[in-house]
Amino acid sequence: MREGAAVRRTSAVCVITERRACLLNPGLVCRRTLSGRTCKDKNCCAMHNETSLSCLVNVLKFSKKTLDICVYMITCSILGDAIIESHERGVIVRVITESRNSGEEGEVCGSQIGRLRAAGISVRCQSNSFWMHHKFMIADKEILVNGSFNWTNQAVMGNSENLIITSKDNLVKPFITEFQKIWNKLSPTDSTGE
Ligand SMILES: [Zn+2]
């Protein structure tokens with residue numbers, strides 16, 4: 001792949017075929033656009049071009065076998081929907097998150113963790129004095145999404161955030177190892193009820 005292609009903004013589909021992109025475009029994307037339809041609603045205020053959120057949703061949507069998600073906070077319902085849809089398509093989804101943000105240690109506005117568990121998705125939470133502060137996902141063991149971007153409406157709507165999508169082996173592999181290391185360390189029975 002040409003290095004020059006690495007940082008240009010691409011369509012979400014191209015992100016997956018070209019396997020590398022760097023995205024910094026906040027905004028709430030239209031749900032019709034996300035589902036691949038054309039939005040004809042003249043009053044729709046959502047964005048209809050590519051955003052960080054639409055890229056992230058597309059990686060979820062085009063995953064075929066596995067999704068390993070390791071994210072400090074997940075409160076964005078559009079992303080919650082996309083995770084559940086992937087699970088329902090037969091993709092094996094595993095989620096690691098910070099216990100403080102799971103909604104199980106008190107109210108966390110919009111936490112998607114309860115929904116994910118109710119849908120049958122395996123979730124493990126880190127609960128100790130240090131934070132599980134990662135924000136990365138690996139799709140099909142070959143595409144890494146990583147950056148400052150928490151999966152929250154705040155991040156989606158306007159925070160200054162970065163999100164990198166890559167399939168470079170030397171970047172993807174350490175994250176696969178890191179995910180598995182944390183996953184093995186966390187007991188499924190302590191905090192998930194699996
Ligand atoms: Zn729209």
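Entry 1. I looked up Lys141 and found it in the loop between β5 (135-139) and β6 (143-147). Helices (H or I, at least four residues) and strands (E, at least two) are DSSP runs, numbered from the N terminus. The model is predicted, so I kept its conditions in view: local features need pLDDT of at least 70, side-chain atom pairs count only at pLDDT 80 or more, and totals for chains, interfaces and linings use all residues. Residues are numbered from 1 along each chain as its sequence is written.

Entry 2. I checked the surroundings of Lys141. Lys141 has 13 other C-beta atoms within 10 Å, so it is partly exposed. The scale I used: 20 or more other C-beta atoms within 10 Å of a residue's own is buried, 12 or fewer is exposed, in between is partly exposed, with C-beta atoms placed from the backbone. Setting aside neighbours within four places in sequence, I found Lys141 in contact with Thr66 and Ile176; contact requires C-beta atoms, placed from the backbone, to lie within 7 Å. I also noted Val172, which is 31 residues from Lys141 in sequence and 7.7 Å from it in space, C-alpha to C-alpha.

Entry 3. I went through the chain as a whole. The protein chain has eight helices and seven strands. Of its 194 residues, 37% are buried. Among contacts between residues at least 6 apart in sequence, 69% join residues at least 24 apart.

Entry 4. I turned to α4 (residues 77-88). Its 12 residues reach 16 Å from first C-alpha to last, close to the 16 Å expected at 1.5 Å a residue; the expected span is 1.5 Å times one less than the number of residues. I listed Ile78, Leu79, Gly80, Ala82, Ile83 and Ser86 as buried. Their cover includes α2 (31-34), α3 (52-61), β2 (66-71), β3 (92-98) and α5 (113-118). Just after α4, Gly90 takes a positive phi of about 105 degrees.

Entry 5. I then looked at α3, where 10 of 10 residues are buried. The axes of α3 and α4 come within 9 Å and cross at roughly 10 degrees; axes are lines fitted to C-alpha atoms, for helices over the stretch in contact, with angles from 0 to 180 degrees between N-to-C directions. That crossing makes α3 roughly parallel to α4, a term for angles under 35 degrees. In the contact, Leu53, Leu56, Val57, Leu60 and Lys61 of α3 meet Ile78, Leu79, Ala82, Ile83 and Ser86 of α4.

Notes: Two residues are in contact if their C-beta atoms, placed from the backbone, lie within 7 Å. Angles under 35 degrees count as roughly parallel, over 145 as roughly antiparallel, 65 to 115 as roughly perpendicular and the rest as oblique.
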